[in-house]
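Biologist: I am new to this structure. Please take me through its features one at a time.

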Amino acid sequence: AGGALLRGFVKSLRETGYITDDLAAGNTKYMGVCRLAGADRRSRRIDIRCIPHDQYHFGTLYFTGSAALSIRLRLKAIDL
């Protein structure tokens with residue numbers, strides 16, 4: 001289910017011209033290049049993750065936190 005959702009989402013972004021290049025794609029993860037709106041139309045790297053709703057908060061911590069934070073959280077979880 002996640003793979004079809006992610007592929008459909010990426011396809012819609014590509015059709016609008018937002019996504020310009022693919023770097024890697026799987027059932028839960030997409031990495032590519034997008035082009036921003038505006039006069040200079042700069043390109044940026046884009047990563048999209050598709051995770052179950054009940055794992056949203058954990059995914060947010062993992063994907064936006066630093067490596068050091070992730071390690072500290074895992075060590076704390078082991079202690080609990």
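Modeller: Start with the terms. Helices (H or I, at least four residues) and strands (E, at least two) are DSSP runs, numbered from the N terminus. The protein chain has three helices and three strands.

Biologist: What should I know about the model itself?

Modeller: This is a predicted model, where local features need pLDDT of at least 70, side-chain atom pairs count only at pLDDT 80 or more, and totals for chains, interfaces and linings use all residues. Residues are numbered from 1 along each chain as its sequence is written, and side-chain values use heavy atoms, with hydrogens and water left out.

Biologist: Which pattern does the protein chain follow along the sequence?

Modeller: The pattern is α-β-β-β-α-α.

Biologist: How do I read the radius of gyration?

Modeller: The radius is taken over C-alpha atoms, and the globule rule is 2.2 Å times the number of residues to the power 0.38. A compact globule of 80 residues would come near 12 Å, but this protein chain has 16 Å. Its C-alpha atoms fill a box of roughly 50 × 30 × 20 Å along the principal axes.

Biologist: How do I read strand pairing?

Modeller: Two strands pair if DSSP finds at least two bridges between them. Strand E1 (residues 19-25) and strand E2 (residues 29-35) pair in the antiparallel sense, over five bridges. Asp21 stands opposite Val33 in E2. E1 and E2 form a hairpin, with three residues between them.

Biologist: How many bridges join E2 to E3?

Modeller: Seven, and the two strands run antiparallel. Gly32 has Ile46 in E3 as its bridge partner.

Biologist: What do buried and exposed stand for?

Modeller: Buried means under 20% relative accessible area, exposed over 50%, and partly exposed in between (1.4 Å probe, protein chains only). Of the 80 residues of the protein chain, 19% count as buried. E2 is mostly covered, with five of its seven residues buried.

Biologist: Is Ser70 buried or exposed?

Modeller: Ser70 is buried, because its relative accessible area is 10%. Ser70 lies in helix H3 (residues 67-79). The C-alpha atoms of Ser70 and Gly32 are separated by 24 Å, and the two residues are 38 apart along the chain.

Biologist: And Ile78, buried or exposed?

Modeller: Ile78 is also found in helix H3. With a relative accessible area of 68%, Ile78 is exposed. Thr16 is 62 residues from Ile78 along the chain, and their C-alpha atoms are separated by 45 Å.

Biologist: How should I read a phi value?

Modeller: Most residues other than glycine have a negative phi. Arg41 has a positive phi of about 45°, although it is not a glycine. Arg41 is found in the loop between E2 and strand E3 (43-49). Arg41 counts as partly exposed, at 38% relative accessibility.

Biologist: How do I read contacts?

Modeller: Contact means heavy atoms within 4.5 Å. Take contacts between residues at least 6 apart in sequence: 16% of them join residues at least 24 apart.

Biologist: Where do the charges sit on average?

Modeller: Lys and Arg count as positive and Asp and Glu as negative; His and the chain ends are not counted. The place of a charge is NZ of Lys, CZ of Arg, CG of Asp or CD of Glu. The protein chain has 13 positive and 7 negative charges, and their mean positions are 3 Å apart.
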